[in-house]
Amino acid sequence: MEVVFEAAVGTVKTCLPRALGRIEPVDEQTCRLVGSTSNPYWYAEMLAGTSAPYRIVAGAEVQRAARAIGRRLLEAAGDS
């Protein structure tokens, strides 16, 4: 699985638990998280807690979990 953040490595490292995987720089303002999980929903929840914009570029199970969490949050806010 791979997640790209529009933030510097130092910023992202302070927001995510180490258990998610390895965070490496792409450039000064972008970094990538490479990891794996047996619990995609938990992983997506951890990603959602970050303030930096990100894209899940690889990891279909985590992408599906992120969509489900997004729908749940929209419904909670009264949007559909």
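**Sheet and confidence**

Modeller: There is an open sheet of four strands, order 2-3-1-4, with antiparallel pairing. Strands pair if DSSP finds at least two bridges between them. Strands (E, at least two residues) and helices (H or I, at least four) are DSSP runs, numbered from the N terminus.

Biologist: Which strands stand at the edges?

Modeller: Strand 2 (22-27) and strand 4 (54-58). Each has a single partner strand, so one side of each lacks a neighbour in the sheet. The twist averages 25 degrees from one strand to the next.

Biologist: What packs on the sheet?

Modeller: Helix 2 (residues 40-48), touching strand 1, strand 3 and strand 4. Its direction makes about 150 degrees with that of strand 4. Angles run from 0 to 180 degrees between N-to-C directions, with axes fitted to C-alpha atoms, for helices over the stretch in contact.

Biologist: What about confidence?

Modeller: This is a predicted model; local features need pLDDT of at least 70, side-chain atom pairs 80 or more, while totals for chains, interfaces and linings use all residues. Numbering starts from 1 along each chain, and side-chain values use heavy atoms, without hydrogens and water. Mean pLDDT (predictor's confidence per residue, 0 to 100) is 94 for the protein chain.

Biologist: Is threonine 30 buried or exposed?

Modeller: Buried, because its relative accessibility is 10%. The cut-offs are under 20% for buried, over 50% for exposed, partly exposed in between (1.4 Å probe, protein chains only).

Biologist: Which residues does threonine 30 contact?

Modeller: Beyond neighbours within four places in sequence, Val4, Phe5, Glu6, Ala7 and Pro25. Contact means heavy atoms within 4.5 Å.
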